[in-house]
Amino acid sequence: MSLLSGKDAKKAWELLLKEYPDAGCELDFDSAFHLLVSVVLSAQTTDKAVNKVTPALFAMAPDAFAMASLPAEKIEECIRSIGLYRTKAANLKKLSAALCEEHGGEVPSEYGELVALPGVGRKTANVVLAEAFGQQRIAVDTHVFRLANRIGFVGEDDVVKTEEALMKLFPKDIWRRMHHALIWHGRRVCHAKNPDCDNCCLAGLCKHN
Ligand code: SF4
């Protein structure tokens, strides 16, 4: 797999940051707990679909204690329009119970404590640390993985290696912004199928052929 030279990688990330100056999290949330809930709900569905169901869910469950004490059926009713809603409802209850039992109902701000929670993986933990706690993180979701490897920033075959390689490549102070710029570019231009290369700011640099 061919990679961008250091000089071209810098050109490419500068172009992406310029193209998406306002790129940010597209999930609606008002607390670390609600962000965590939204990220759990966003598995295999769109942020838009999640944002449609969360206002009612957040009203019923303003915090982890309220969510843990809701009957699973109530949560299911609220989130029925998104995929895997039964599993997700059960996971939200388990996750909320663990937050109440182990963290006094608060979302921890340590990576190790986050990934120890039921249903919280590396990507979810990184999104929460970046968006709720303002840490510089690169959460590698399907878009970030596809684009980072397609463009030629990195040449890795799994998400963990991709995250590590991106952290080495990008200056730390742009990790969060690059994470969002890659996601926005993946959603708007560099689709998984039929990327719109003719209208891409990286045409001529990108290693995809
Ligand atoms: S040139 Fe094509 S493949 Fe490369 S980033 Fe742009 S849309 Fe994606």
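1. Helices are DSSP runs of H or I with at least four residues, strands are DSSP runs of E with at least two, and both are numbered from the N terminus. By that rule the protein has 11 helices and 0 strands. The order from the N terminus is α-α-α-α-α-α-α-α-α-α-α.

2. This is a predicted model, in which local features need pLDDT of at least 70, side-chain atom pairs count only at pLDDT 80 or more, and totals for chains, interfaces and linings use all residues. Residue numbers start from 1 along each chain as its sequence is written.

3. The C-alpha trace spans about 55 × 30 × 30 Å along its principal axes.

4. Burial is judged by the count of other C-beta atoms, placed from the backbone, within 10 Å of a residue's own: 20 or more is buried, 12 or fewer is exposed, and in between is partly exposed. Of the 209 residues of the protein, 35% count as buried.

5. Two residues are in contact if their C-beta atoms, placed from the backbone, lie within 7 Å. Among contacts with a separation of 6 or more, 60% join residues 24 or more positions apart.

6. Ile 79 is buried, with 24 other C-beta atoms within 10 Å. Leaving aside residues up to four places away in sequence, Ile 79 touches Leu 41, Val 53, Leu 57, Tyr 85, Lys 88 and Ala 89.
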